[in-house]
Amino acid sequence: MTNTLKIIARLGLVIVFIAGFQVMASAQGRGRGAGAGPPAGRPSGGPPSGVGVDRGINTSSDRSAGRADSGRSTASDRSNGRSDAGLDRARLQKQNSQQADRDLRDHPGLAASLHTTANNLRSGYQAALAANPNLKFGQYVAATRLAANLGARNSNITTNAILAGLASGESIGQTLQDLGLSKQQAKDAQKRADREIKDAKRH
C-alpha cells in the first residue's frame with residue numbers, strides 16, 4: 001500500500017512538471033512571434049513607403065530626363081544655328097555668282113580688257129567666292145584690274161593680296177595702303193581702275 005502511494009505521488013509530480021514546461025514554452029513562443037512582427041503602421045517584407053529602389057528610380061528618371069531634354073534642345077539650337085549660317089552663305093554665293101554671269105553677258109568686252117576670257121574670269125571669281133561669299137563681282141574685277149596696273153612696280157600687290165584684305169573686312173583703298181601705297185596713291189589707282197572698267201563695259 002505504501003509503495004503504491006509513492007508511485008502515484010511520483011507520477012503526479014511528473015505530470016505537474018510536464019504541464020509547467022509546456023506553459024513556459026508556449027509563453028516564449030508568443031514572445032518571439034510578437035517581436036518578429038513588423039512595427040505598427042509599416043508593411044512587412046520591405047522598406048517604408050517612399051523609400052528605396054522605386055523612389056531612387058523616379059528621382060533619377062526625373063533628373064535624367066531634365067538633363068537629356070536640355071541637352072537635346074541645346075544641341076538642336078546649335079545645329080540649327082550652323083545650318084542657318086551655311087544656308088545663308090550658300091544663298092549669298094549663288095546670288096553673287098548669278099550677278100557675275102549677268103555682268104559678263106551684258107558686258108562681253110570686260111574680260112578682254114583684263115586680258116583673259118569670260119570663263120577664266122568667272123572661274124576665278126567662283127574660287128574667290130568660296131573664301132569670301134560677301135565678295136561682289138565688281139570688287140573682284142577691280143582687284144584684278146589694280147593688280148594688273150600696279151603689280152609691275154609693286155610686286156606685293158597681287159589679286160590674291162587685295163582679295164585677302166577685302167575678306168578681312170578692309171576696303172580696297174585701305175588694303176592698297178597696307179600693301180605699300182600712300183593714301184593718295186591708293187586713291188589715284190582706284191580712280192584709274194574704275195575708269196578703265198567703265199570703258200570696258202561700253203564695248
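Analyst: Let's start with a helix crossing: α5 passes α8 in a right-handed crossing. Right-handed means the near helix is turned clockwise from the far one by less than a right angle, and left-handed means anticlockwise. Helices here are DSSP runs (H or I, at least four residues), numbered from the N terminus. Keep in mind that this is a predicted model, where local features need pLDDT of at least 70 and side-chain atom pairs count only at pLDDT 80 or more, while totals for chains, interfaces and linings use all residues. Residues are numbered from 1 along each chain as its sequence is written, and side-chain values use heavy atoms, leaving out hydrogens and water.

Back to the crossing. The axes of α5 and α8 (residues 183-201) come within 9 Å and cross at roughly 115°; axes are lines fitted to C-alpha atoms over the stretch in contact, with angles from 0 to 180 degrees between N-to-C directions. On the α5 side, the residues in contact (heavy atoms within 4.5 Å) include Val141 and Leu146, and they meet α8 residues, among them Ala193 and Ile197. The contact's residues divide into seven nonpolar, two polar and three charged.

Rings pair if their centres lie within 6.5 Å; planes under 30 degrees apart are stacked, over 60 edge-to-face, and the rest tilted. Tyrosine 125 and phenylalanine 137 are edge-to-face, 5.1 Å centre to centre with 75° between the planes. That pair joins helix α4 (residues 118-131) to α5 (residues 137-150). Both tyrosine 125 and phenylalanine 137 are buried, meaning under 20% relative accessible area with a 1.4 Å probe, protein chains only.

Definitions and conventions:
Rings of Phe, Tyr and Trp (its six-membered ring) pair if their centres lie within 6.5 Å; planes under 30 degrees apart count as stacked, over 60 as edge-to-face and the rest as tilted. Helices (H or I, at least four residues) and strands (E, at least two) are DSSP runs, numbered from the N terminus. Buried means under 20% relative accessible area, exposed over 50%, partly exposed in between (1.4 Å probe, protein chains only). Ala, Val, Leu, Ile, Met, Phe, Trp, Tyr, Cys and Pro count as nonpolar, Asp, Glu, Lys and Arg as charged, and the others, Gly among them, as polar.
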